[in-house]
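Here are my notes after a look through this one. Have the structure open while you read the points.

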Amino acid sequence: MSVTARNEAVFAAVDLGATSGRVITGRTGPGKLVLTEAHRFPNAPVRLPDGLRWNVLALYQGMLDGLRTAARSGPVTSIGVDTWAVDYGLLDADGALLGLPFHYRDGRNGKAAEEVLAACGAKELYTVGGLQHLPFNTVFQLAAHRASAQWGTARTMLLIPDLLVHWLTGTVGAEITNASTTGLFDASAGTWSDTLIGRLGLERSWFPPLREPGDPAGTLLPHVAEYTGLAAGTRVTTVASHDTASAVAAVPATEPGFAYVSCGTWSLAGLELAAPVLTEESRAANFTNERGVDGTVRFLRNIMGMWLLEECCRAWDRNGTAPSLPGLLAEAARARPFTAVIDPDDEAFLAPGDMPSRIDAHLVRTGQAPPGSPGGYVRCVLESLALAHRRTLRQAARLAGREPARIHLVGGGSRNELLCQWTADATGLPVTAGPAEATALGNVLLQARAHGLVGDLLDMRRLVARTQELRQYTPQGDQRAWDRAAARLGTD
């Protein structure tokens with residue numbers, strides 16, 4: 001049932017991605033949803049002697065500075081925090097952080113994953129947790145951490161957004177959409193899996209009580225309120241702290257039967273379901289069942305995403321040969337179609353490094369010629385991502401028994417007109433692109449709902465559709481050309 005809003009309110013969304021963080025204020029009211037960026041700051045990992053780490057202290061400081069800027073614009077009703085998934089910090093008995101959290105792209109997890117699978121078995125892990133096998137899932141990272149001196153001192157595990165909320169409020173909890181990405185969550189019961197935690201020799205007491213989006217998470221600690229200038233007692237509201245869950249909550253779908261692609265550093269493509277799909281066929285296809293808002297399930301696969309293009313640009317920048325992104329996209333549009341295609345999910349593309357050289361190696365290995373120009377690489381990456389979107393959504397539809405009528409492509413990738421059009425062309429489905437700030441919108445709307453200013457999930461999505469800029473793409477060209485390109489990869 002819709003809630004009739006009596007006034008307007010301002011909510012602060014802390015939204016941390018893999019390459020940058022920002023604090024965004026959202027003003028909501030009857031038929032109104034306006035975002036304003038208060039502060040943006042970089043998020044760059046730090047390579048230490050023992051591995052690749054997140055500079056979480058710099059992220060926390062950036063968050064505080066952003067909240068300080070937000071406070072200058074007027075009263076803030078509450079704050080919500082979302083980040084990427086799977087990474088965590090360990091706390092000791094005093095609540096102190098035991099070292100900077102490891103980055104999921106660190107190379108320590110391969111052997112540990114083998115040990116976990118030997119103890120539990122891939123089928124049991126999937127039957128309980130329903131997760132896509134990725135070498136950096138939290139369960140594997142914890143197994144890799146076990147040999148460290150910190151392990152014996154640890155008393156609590158907090159995923160990154162829960163850690164930041166803890167520093168803001170002093171409270172301890174585990175938000176459910178992010179908890180569902182750990183591999184230690186029961187996808188059917190919606191609780192921590194005592195079975196898996198016990199089987200792997202982990203301490204159950206490390207895993208805090210679960211929180212749902214909309215639950216209160218506490219109020220700002222006095223020193224935080226003093227530094228930021230926010231009012232004493234400003235509330236922190238639990239949002240869908242996995243950024244993809246917040247983004248999917250803000251998909252501007254006014255009708256059921258849609259597919260989504262949340263496209264940024266990663267492309268997360270799938271369907272919103274009422275229950276997990278835990279079949280052997282789903283496990284073999286490497287699909288994940290992650291918690292969404294209101295008990296929904298995000299049935300999806302992780303695809304490497306715009307990371308491939310970002311790393312290409314960084315490599316060209318290091319060589320002093322980087323053209324502007326608009327120039328690259330214009331060159332890509334003129335390049336010959338389907339000269340080269342890659343599988344974005346190849347593990348060779350996971351770690352930071354010289355991406356053009358890795359693409360060359362992949363192409364040589366698959367009997368294709370390297371593109372030879374920056375625009376050719378960009379076309380290769382974007383066409384390959386469109387093919388990956390096609391493959392993943394077709395598999396999801398088959399496994400879930402539900403054919404989507406439209407794709408909603410949200411996140412930063414929705415600004416890329418080539419990717420949006422080629423996704424429509426490859427899949428043969430219309431694409432609605434936008435909003436680009438879907439994660440921040442979902443964060444703000446879940447806070448607004450908790451404070452009685454918007455109604456249910458459908459009301460939230462209708463408000464996004466009415467207030468945000470969207471673009472429509474219809475399939476064009478010869479889909480047989482996409483069929484032939486997919487056949488070259490052998491992935492359809």
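1. Let's start with a residue pair: Ala-13 stands opposite Gly-80 in β6. Strand β1 (residues 9-16) and β6 run parallel, joined by five bridges. Two strands count as paired if DSSP finds at least two bridges between them. The labels are DSSP runs numbered from the N terminus: helices are H or I with at least four residues, strands are E with at least two.

2. Before going on, the ground rules: this is a predicted model, where local features need pLDDT of at least 70, side-chain atom pairs count only at pLDDT 80 or more, and totals for chains, interfaces and linings use all residues. Residues are numbered from 1 along each chain as its sequence is written, and side-chain values use heavy atoms, with hydrogens and water left out.

3. Back to β6 (residues 78-82), which also runs parallel to strand β14 (residues 235-237), with two bridges joining them. There, Ser-78 stands opposite Arg-235.

4. Next, an open sheet of seven strands with mixed pairing, in the order β17-β18-β16-β15-β19-β20-β21. Its edge strands, β17 (288-291) and β21 (471-473), each pair on one side only. From one strand to the next the twist averages 30°.

5. Inside that sheet, β16 (residues 267-273) and β18 (residues 297-303) run antiparallel, joined by seven bridges. Leu-271 has Phe-299 as its bridge partner in β18. Helix α15 (residues 417-427) packs on the sheet, touching β15 (258-263), β19 (406-410), β20 (431-433) and β21; contact here means heavy atoms within 4.5 Å. The direction of α15 makes about 40° with that of β21.

6. Finally, a helix pair: the axes of α12 (residues 325-334) and α14 (residues 374-400) come within 7 Å and cross at roughly 75°. Axes are lines fitted to C-alpha atoms, for helices over the stretch in contact, and angles run from 0 to 180 degrees between N-to-C directions. So α12 is roughly perpendicular to α14, a label covering 65 to 115 degrees (under 35 is roughly parallel, over 145 roughly antiparallel, the rest oblique). Among the residues making the contact are Leu-328 and Leu-329 of α12 and Val-378 and Leu-382 of α14.
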